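Work through the following exercises with the sequence and the model in view. Each task is followed by a solution in steps.

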Amino acid sequence: MTRKPPEPVQVVKQRRDGALRALVDGIPYIRFLGMEVERRGDELTALLRYADHLIGDPRLPALHGGVTAAFLEVTAIIELGWTMIWEDLEAKRLDPSSLSLQHMPRLPRTIDLSVDYLRPGLPRDAYARARVIRSGRRYASVFVECWQDNRARPFAQATGHFTMPTEGHRGPQ
Amino acid sequence: MAETEPQIAAARRMFAAIPQVAALGIVIDEMAPGKARMTMPYDARLVGDPVTGVIHGGAVSTLLDTCSGAAVACHPQAAGPTATIDLRINYIRPADPGQAITARAECYHVTRSFAFIRATAHDDDTSLPVAEAVGTFTFEAGPRVAT
């Protein structure tokens, strides 16, 4: 009777995709790697599009181990940043149209990252998903893994610790 | 010492030919038995925080990983190609925007097929590293391993 009608699907998508773009698009290094982030509901999948400059061992050839580490780290940071804004976003306390390059959600900073290389990264697209294992007021612990052809056979995984930003958003100051 | 020179020259050629090393503009400063030093110039494409201009940790990881692999490839009991098994990185402080980052890696022990490394990365302020790393690598055994 008094129940509110559900939001139109386009409104929901625009809000969520707008917030995700604000998190991802402003970071030059994400463009340098050729990374994209896809969203299904609140689940994010990072995509590393293959490019020749990502190669670290031309003889195999295999992706550079540093690129793999960077791909995992970026995925973990975006996942954590996304988790931090999700509630505010859905409660409409955060307006994605107010987010821009200079006024973006403040991203967590990496304290440390421990990468486990399981097999060589092949010269093709790679995918990654992260899971926030522990999220406190001061720091968070995140697990992240990446795969290529087969979701059940990751080629690398990592655990990292990240400082939580002190305020929700960073203003232009 | 002299007999390691061809190995180091080969390792230097191998690392200089890595596409991602070229993409990052990494310069090999020095390679010596079990040691390497490399510099990555400041580049706006590598920024992780557009507000401060600080280089993304991922680019620093790649510099540390590359420099560590080179230190392994230069170890008298190892030889290239190398592969990283495990790399742990501590991000101690943000690098100063505008400054190049220099990595120094040391391969301090090798077994028959594994190598252990430690590495640091500095900007112009050499009193405190930007980042440090410890790692484990595999390598293809060099000629001097045979007994």
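A crossing is left-handed if the near helix is turned anticlockwise from the far one by less than a right angle, and right-handed if clockwise. The model is a predicted one, in which local features need pLDDT of at least 70, side-chain atom pairs count only at pLDDT 80 or more, and totals for chains, interfaces and linings use all residues. Residues are numbered from 1 along each chain as its sequence is written, chains are lettered from A and ligands numbered from 1 in the order in which they are written, and side-chain values use heavy atoms, without hydrogens and water.

**Exercise 1.** Describe how helix α1 of chain A packs with helix α3 of chain A.

*Solution.* Begin with the geometry: α1(A), residues 9–24, and α3(A), residues 65–90, pack at an angle of about 145 degrees with their axes 11 Å apart, the helices being DSSP runs (H or I, at least four residues) numbered from the N terminus, and the axes lines fitted to C-alpha atoms over the stretch in contact, with angles from 0 to 180 degrees between N-to-C directions. Next, the hand of the crossing of α1(A) and α3(A) is right-handed. Finally, the contact (heavy atoms within 4.5 Å) involves residues including A:Leu20 of α1(A) and A:Trp82 of α3(A).

**Exercise 2.** Determine the hand of the crossing of α1(B) and α3(B), and list the residues in contact.

*Solution.* α1(B) passes α3(B) in a right-handed crossing. The contact joins B:Gln7, B:Ala11, B:Met14 and B:Phe15 of α1(B) to B:Thr66, B:Gly69, B:Ala70 and B:Ala73 of α3(B).

Key. Helices (H or I, at least four residues) and strands (E, at least two) are DSSP runs, numbered from the N terminus.
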